[in-house]
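Have the sequence and the 3D view ready.

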Amino acid sequence: MTKPAEILIVDDERIAITNLEHVLTKQGYRTVTTQSATQALKLLEQHAFDVVLTDLRMEKVDGMQVLKRCRELQLDTEVILITGYASLESAVEAMRRGAFYYLAKPFRLDEVRKVVHEAMEKVRLKKENRRLRAQLDKHRPKVSLITQDPHMQQLLETARQVAQADCNVLVSGASGTGKELVARFIHAHSARAQGPFLAINCGAFNVELLANELFGHEKGAFTRAGSQKKGLIEMANGGTLLLDEITEMAPAMQVKLLRVIQEREVLRLGATQTHAIDVRFIAATNRDMQEAIETGDLRRDLYFRLNVAAFHLPPLLQRIDDVPLLSHYFLEKYALLMGRELGGIAPDALDLLMQHDYPGNVRELENIIERSVVLARGKRIELSDLPDELRQMLVRAARRTDGSIPSLDQQERTYIEWVLREVAGNKTQAAQLLGIDRVSLWRKLNKYRLEPQ
C-alpha cells in the first residue's frame, strides 16, 4: 500500500493546530503537531516530512528559522508559512528563502486544502524525478548502451574483453548506430576509465587546423600563436582519443598520425622536442574499410595499426526488437530533462515505431521520441504525437506479411480509421477531411464495422 503523505504542523496556538489537523487528516494525510518551534527543529532532524506548515511568529524560534533548517535537512520538503501579521515584505522574504506558499490568518480551510495539495504534487514530482534520474544513472556506467538484441549483447561482451587489452580499436557502422557510444563503453570498462575521453571529428577541419587540434603548437609557431597549446593527443594522455570519421582525414595527416601511434610520442607544431604519450586510439567510420583503402582515402598501414580489434554496428532495422526498449529509455530521459510527466507510449504508437525502417538509425529514433515528448498533450505518447511523416505510413499501400496487397476497401477502412484517430473521433470533422457528408461516413462505419465514436 502507498504510504500516506506526512505533514508537520507547527503553531503556538492550540486552536490553529486543531483546525489544521482536522482538515488535513480528513484529506488522508498523516499529521504530526507541535506548539514549540524548538521541538519542530528536533522533529525535522529525526524524521522526513513531505510538507511543513508553520506559524511565522513564535517565541524563541520563528517560522523563518524552521524554514531555514528544513531547507538544510530536507530538500524535498515544501514549507508553507502561516501568520496573522501578513505583509508584502514578509511574504516576499519567505518566498525568497524557499517557502512554497504564504497564508494569512484567518485562513480559509478550502484554501489550505488547495495549497497543501499543490505542495504535495510538487513533492511527488521531485521524488518521481529522482526515481527516473536513478534509473538513468543505472545506465550511465555502461554509457547508456541499451539493447536486448543477441548480436549486440555479444558485441558488448566482446567489447568488455577488448577494453582490458588496451589495444587500438576500429569501430564501423552507419551514421547514428552508436559508434561513439561503443568507444565510450570500451573506455569506461578499461583501466583508463579514470582518465580523459576525448573525441574529434576528422572531417570537420582542414589539414592545418586538424594538425593544430591534434598535435598542439609552441608559442610563435605561426601567426597568432601567442602561447603554447597542447593538442588533443597530449590532453588525452592516460585516457582514450576517438578519431571519428577517420577516412576523412587527409593522407598527409594520416602519415603523421601513424608515426604518433608507432612511436608513442607527439611533436607539437613549431617544437624541436617530442613528448611521450600514453593514449589508446579508437577510430570510427561510416565507410566500408576496404573500399576506403582502395580509393586511397585510408592508408593501409594506418588501417592495420588501428584495426587490432574491430567492431561493426548493425543498423537499427536489423535489431528492430530494440525499438521498444530504446523508445522507453529515451522517453524517460527526455521527460526528465523537460520536466514532463509521461507514463509510457500508447500501443498503436509503439506498433508504428516498430514498422519504421530508420535510415537514421538509433539517432533518428531518439529524435522522434524527443519531439514526441515535446508535443505530447496527455500522460503518454499517443499516435497523434508522432511526426506526420511517420504517421503517414499507416495509409500507404503496403504488402502484408503473406505477400498479398490490401484491397481498395481495406485501404479505405485503414484510412478512415486513421482520420478518426487524428480528429479524436469527431465524425463531423472526419467527414469534412474525407470530403463526404456525415450520412456517408455513417454508412462506411457500418460497412467496415467500425465502432462509431
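To compare two helices, we use their axes, which are lines fitted to C-alpha atoms, with angles taken between N-to-C directions. Keep in mind that this is a predicted model.

Start with helix α13 (residues 323–338) and helix α15 (residues 361–375): their axes come within 9 Å and cross at roughly 45°. That makes α13 oblique to α15. As for handedness, the crossing of α13 and α15 is right-handed.

Which residues of α13 and α15 meet? On the α13 side they include Leu 326, Phe 330, Tyr 334 and Met 338. On the α15 side, Val 362, Leu 365, Ile 369 and Val 373 are among them. Sorted by class, this contact has 12 nonpolar, 1 polar and 3 charged residues.

**A sheet of strands**

Now turn to the open sheet, where 5 strands line up in the order β7-β10-β13-β6-β14 with parallel pairing. Strands of a sheet pair through backbone hydrogen bonds. β7 and β14 stand at the edges with a single partner strand each, so one side of each has no neighbour in the sheet. On average, neighbouring strands here are turned by 20° against each other, direction ignored.

| Strand | Residues |
|---|---|
| β7 | residues 197–201 |
| β10 | residues 240–244 |
| β13 | residues 280–285 |
| β14 | residues 309–313 |

β10 and β13 pair in the parallel sense over 5 bridges. Within that pairing, Leu 242 stands opposite Ile 282 in β13.

Terms used
Residues numbered from 1 in each chain as written. Predicted model: local features only at pLDDT ≥ 70, side-chain atom pairs only at ≥ 80, totals over all residues. Heavy atoms only, no water. Axes fitted to C-alpha atoms, helices over the stretch in contact; angles between N-to-C directions. Helix = DSSP H or I, 4+ residues; strand = E, 2+ residues; numbered from the N terminus. Parallel < 35°, antiparallel > 145°, perpendicular 65-115°, else oblique. Left-handed = near helix turned anticlockwise from the far one by under 90°. Contact = heavy atoms within 4.5 Å. Nonpolar A, V, L, I, M, F, W, Y, C, P; charged D, E, K, R; others polar. Pairing = 2+ DSSP bridges.
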